Amino acid sequence: MRSFVATSMGVAPTIVCLALLLGCSNSNPKLPPTVPVSAKVTLDGKPVPKALIAFSPTTPGPSSNGRIENGEVVDLWTNGQKQGVIVGDHKVTIYDDDNETGSIDLVPDRYGQIARGFDVTVSEEGPNEFDFQLKRK
């Protein structure tokens, strides 16, 4: 009986450590490569002070989301894990950040609808510089 307890005490920590290692493995799928993207966003010719932007691929793949500050796209991330945007064709939507703007609608709602989004192609070679000119009417 004593040898069973001693053997169990030696195996138990090993099993616990193995379970912890397997449980802590990265279960997120491997993301495709991303490339840097820059963009200017204006509304009636003036820089959009604050808004959000999304690059949604037209074929299955992870989207990229970022913020717009003073007419410039900043903090553009794919799946919240990698900076930049995956290569390919995208629909770009731009919409108000309700946490920042409160009840003020700066960006017309149509720019936030994917069916009416801007069509862009992000290339591996670049430069991936875009100019989104929004209009109130």
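**The aromatic cluster**

A: In this predicted model, F55, Y111, F118, F130 and F132 are linked by ring pairs into a cluster. When the whole structure is searched, four aromatic pairs are found. One of the pairs joins Y111 and F118, whose ring centres are 5.9 Å apart and whose planes meet at 5°, so this pair is stacked, given that planes under 30 degrees apart count as such. The two partners can also be described by their accessibility: Y111 has a relative accessibility of 11% and therefore counts as buried, the limit being under 20%, whereas F118, at 23% relative accessibility, counts as partly exposed.

Another of the pairs is made by F130 and F132, with ring centres 6.1 Å apart and planes at 20°, so this pair is stacked too.

D97 is found in the loop that runs between β9 (88–95) and α2 (98–101). This residue is buried and yet has no salt bridge, for the nearest side chain of opposite charge, that of R67, is 6.6 Å away, while a salt bridge is counted within 4 Å. Leaving aside residues up to four places away in sequence, D97 touches A51 and L52.

Notes:
Residues are numbered from 1 along each chain as its sequence is written. This is a predicted model: local features need pLDDT of at least 70, side-chain atom pairs count only at pLDDT 80 or more; totals for chains, interfaces and linings use all residues. Side-chain values use heavy atoms; hydrogens and water are left out. Rings of Phe, Tyr and Trp (its six-membered ring) pair if their centres lie within 6.5 Å; planes under 30 degrees apart count as stacked, over 60 as edge-to-face and the rest as tilted. Buried means under 20% relative accessible area, exposed over 50%, partly exposed in between (1.4 Å probe, protein chains only). Helices (H or I, at least four residues) and strands (E, at least two) are DSSP runs, numbered from the N terminus. Lys and Arg count as positive and Asp and Glu as negative; His and the chain ends are not counted. Contact means heavy atoms within 4.5 Å.
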